[in-house]
Structure formats: structure tokens, C-alpha cells
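Let's take a look around this structure together. We'll go through a few charged pairs, then turn to the ligand.

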Amino acid sequence: MSDSSSANLVSSAYSQALEVIGQVEPRVAEATRKELADQRSSLKLIASENYASPAVLMTMGTWFSDKYAEGTIGHRFYAGCQNVDTVEALAAEHARELFGAPYAYVQPHSGIDANLVAFWSILAHRVEAPTLEKLGAKNVAQLSEQDWEDLRRELGNQRLLGMSLDAGGHLTHGFRPNISGKMFHQQQYGTDPETGLLDYDAVRAKAREFKPLVLIAGYSAYPRRVNFAKMREIADEVGATLMVDMAHFAGLVAGKVFTGDEDPVPHAHIVTTTTHKSLRGPRGGLVLAQEEFAPSVDKGCPMVLGGPLSHVMAAKAVALAEARTQEFRDYAQRIADNAQSLAEGFRSRGANLVTGGTDNHLVLLDVSSFGLTGRQAESALLEAGVVTNRNSVPRDPNGAWYTSGIRLGTPALTTRGFGHDEFDAVADLIVHVLEHTQPGTTKAGDTSKASFVLGDGVADKVRGASAEMLDKHPLYPGLELS
Ligand code: PLP
């Protein structure tokens, strides 16, 4: 099918769908139209966002949404799941083949859910199962009250070592306020204070001392690649299970940009991910595991997950089929190339980047040299139509709320077709905004960490320059709503 006839189909499908929706609640139809217009007209640099294909989006809007399917493929607690079995099996097969994983579980509703599945699977496999075996019980229902109490205490007495939030780790990697920090005794590893890079010897020393059951690698805001072979070595040395959360860079793994030691799948016991960031699928999660963890991962629903979202599993199958193409591999390479262009654009204009650059899909810009907090920078950029998110930098003096950094990712604009020149221009626009933003003052007259004053005409100038690039690289080319 030609691009233009496909665009015509998509245009008429969405126009008609919005008409149907509008007959029931016109305000939802209106907001949906406006969301498309807003996304089309802004520079989306949020590192965790992307634009899924119309095929992926449409797959989510079907009657699969109406089906309950608790259980696993061919083994459901509800009748009539034959078609759900088909799409779940397809998604799992694509995931296994794409990532070279022995086992894939496609039910998690999001990345956090996938991590919860992984945690409980590790606890079930490493703590519960050996206890049951020792006691000669088949399942926990057969345990005496005392044995059950002892097991519960043991499950709550395990250790987790993950990357700290300000070094780029995720909340679910053992951050105290998160459930992961409450379920486990937790410790965190950071990055080298001089280079900002992961120091594997320091991770090893901490692991030797702390002896965690779970060692987590993976990140939300670390702009570099990780050597997962080294992380596995460390895990093996201390008897830990290596769990890798590749939520951010799954697209780079799928697209074979990260291979060898940088591909987590052959090295980790369990890999979790989202499907909607660089992987460009529907909003959802996924767990890949070595065979030994498969039975406990399979119990994710209803252990920690609500009933599977069949319409989203169907969309995962479509997205993973897309990710298996050469076109997707080329896209993944462009994500990484564009991140280099963006980083070079900042460096050449004198801006400070955490670790000095990037070799993945994101850069972390330290905005303190502009005299701003991350919150002020984020708000000023938004006023100029540049959508980013504020982020802590290592050992951030402004904490996790105001922060001193801005995280910028290339997956979304790369989907629109932005290349080297556009990303260089994006760096220029961002530096221009930040150079023309001043901190505001609080009611008491002190310097504020939140409010800001953007120079006259800056927002219009930046919006104008962005519009030219965005028009040249339209989102969903040819999609016109009637
Ligand atoms: N893991 C990592 C590394 C993430 O960066 C994120 C989200 O940003 C998540 C998990 C959570 O994903 P979700 O929002 O789908 O639950």
C-alpha cells in the first residue's frame, strides 16, 4: 500500500471514530483532536515518550478491551479466551525472537508493574520455593501457621541493590519512599563524582559488603551505556539475581544498537521493560526471563497485576512485529546518532552535560550554569513550546523536586524524521531560551526556585523556528481529521 493511500485510510478511520465518540461525549472528541494538534506543534524531547504507529494505536481501540483473561495462554480462569490466547502468544513469540530471550511475559500494564512482577518472581523462586521444598510442602496453603509466619518474615528480610535516583536510577530500584525500598532492605550505588560514570569496582565493593539478593541495573536518566556482562559477574560473585530494567533503552536493544556486553538479555536473569518509550509500542510492560524464573513470572497476574489488558497485548504484538524490521533497526541507530548531535550541539554552545555527553538516547543538561533550577528551565522551555522534564543531577543540591537538570531524549523527534541539523538547531533553541530566562522572586522577595521570567519575544521566536522544523517533519504525515 502506498504511503498516501495508507494515510487516507488512517484519516478516514480516525475521523469516523471521533465522530462516533463525539456523539456520546463531544468534549472527549474535542480534547482528542486538540491533543493531536498540540503534539504536532511542540518539540517533544521527553526521553521516555514516543509516537506509536497508527496500527499500534488502532489496535488498542477494539473489543479486546472488553475481555477478562486472568491466567496464562491456554490456562485461563475465564471462558472464551481463544482470541486473547492468539494475540498474547503472538506478542510473547515476537518478544522472545526479537530479544533472543528464552521466555517472555507480556501482561504487565506498565514498567512499574513489570518490576513488581520481577521482584515477586525472584522472591518466589529464591526464597519461597526452597523453603517449601525444605518443609516438604507443595504450596503455602500447606504450611503450618508458624512456618507461614517464618516464611513471611523471610520474604520481607531480603536485600536489593540498585542505582540511586540522582545517579539516574528509577524510583522502583530501591528508592526508600517507593514500595521497592520498603519491601527490601535496600542500598544504592551511584556514579563516580569526577566523571559521572558508573564505577563497576565501586558497585562490586558495595555488592560484596551488602550481599543483595537482587542487583538491579538499568536507568531512567543515565546518559551512558552499561556493561551488563560486568554487572552479571558482580551478581554471580555475591550470589545475587541480576535484574535489568531496560525500560528506557529497549528500542536500542531491539534495534541492535546495544549488542554484546551492552545487550542485557543474555546476561541478566530477568529483564523488565516498558513497551512505549524507545520501543515505540503501546503503553505497557514486558518481562523477559531465563527459564528458571518463568514459572514464577507467569504468576504475575493476579499476584501483583490486575487482569491482563488484552487490547494492549494485541498492540504489543503489532509493535513488536514492527520492531523486528530493518526499518526499526535504522530508526534505533538514528536515535543514538541524533543524541550525539544534540550533545555536540550543547557542548559547542558551552552548556554542561552530565558525564560530558551521551552514548544512548538521552542527554542530561545541568542548567545550574544558567543560574536556573531544573523546574524553572522546564517551565521556561514549555512556554516556548519545547517539552522536556526536569531531572536531578548526581548529588543534586536542589533535590528531586526543583532539581538542577533537564533530561532530553531523541526517540520521539527521531520518529518524526529529525536528523543531525534539526537536533543541532534544537540545542541552539534550548540554549537561547535558557540564556534569556531569569529566576523569578517569591512573594517575600527572595529568589524563587520555581518561578521565572522569560525575555520578551523569546517564546515567539523559538516557537516560530520550531514550527518550521515541525512542518517539515509532520507527525503522522497525511493524517487529516475531517
Ligand atoms: N523503569 C524505568 C527505568 C523507567 O524509566 C520508568 C518510567 O519512566 C519505569 C520503569 C516505569 O514505567 P511506567 O511508567 O510504564 O510504569
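## Buried or exposed

A residue counts as buried under 20% relative accessible area, as exposed over 50%, and as partly exposed in between. Keep in mind that this is a predicted model.

Take Asp38: its relative accessibility is 35%, so it counts as partly exposed. Its side chain meets that of Lys34 in a salt bridge, 3.0 Å from N to O. Both residues sit in helix 2 (residues 26–40), four residues apart, or about one turn of the helix.

The structure holds 18 salt bridges, and some of them join up: Arg204, Arg208, Glu233 and Glu237 are linked in a network.

Arg204 and Glu233 pair up at 3.3 Å, N to O. That links distant parts of the chain, with Arg204 in helix 8 (residues 200–210) and Glu233 in helix 9 (residues 228–238), 29 residues apart. Arg204 is buried at 17% relative accessibility, while Glu233 is partly exposed at 46%.

Glu237 and Arg208 also meet in a salt bridge, at 2.5 Å from N to O. Glu237 lies in helix 9 and Arg208 in helix 8, so this pair ties together parts 29 residues apart in sequence. Glu237 is partly exposed at 39%, and so is Arg208 at 44%.

## Around the ligand

Which residues surround the ligand? They are Ser110, Gly111, Ile112, His170, Tyr219, Ser220, Asp245, Ala247, His248, Thr274, His276 and Lys277. This shell divides into three nonpolar, seven polar and two charged residues.

A ligand oxygen is 2.7 Å from a side-chain N or O atom of Lys277. The protein covers 84% of the 390 Å² of accessible area the ligand has on its own.

Technical notes: Residues are numbered from 1 along each chain as its sequence is written. This is a predicted model: local features need pLDDT of at least 70, side-chain atom pairs count only at pLDDT 80 or more; totals for chains, interfaces and linings use all residues. Side-chain values use heavy atoms; hydrogens and water are left out. A residue is near a molecule or strand if one of its heavy atoms lies within 4 Å of it. A polar contact is a pair of N or O atoms within 3.5 Å; within protein, one must be able to donate a hydrogen and the other to accept it, and residues adjacent in sequence count only if both atoms are side-chain atoms. Accessible areas come from the Shrake-Rupley method with a 1.4 Å probe; for residues, only the protein chains shown count as cover. Ala, Val, Leu, Ile, Met, Phe, Trp, Tyr, Cys and Pro count as nonpolar, Asp, Glu, Lys and Arg as charged, and the others, Gly among them, as polar. A salt bridge is a side-chain nitrogen of Lys or Arg within 4 Å of a carboxyl oxygen of Asp or Glu. Helices (H or I, at least four residues) and strands (E, at least two) are DSSP runs, numbered from the N terminus. Buried means under 20% relative accessible area, exposed over 50%, partly exposed in between (1.4 Å probe, protein chains only).
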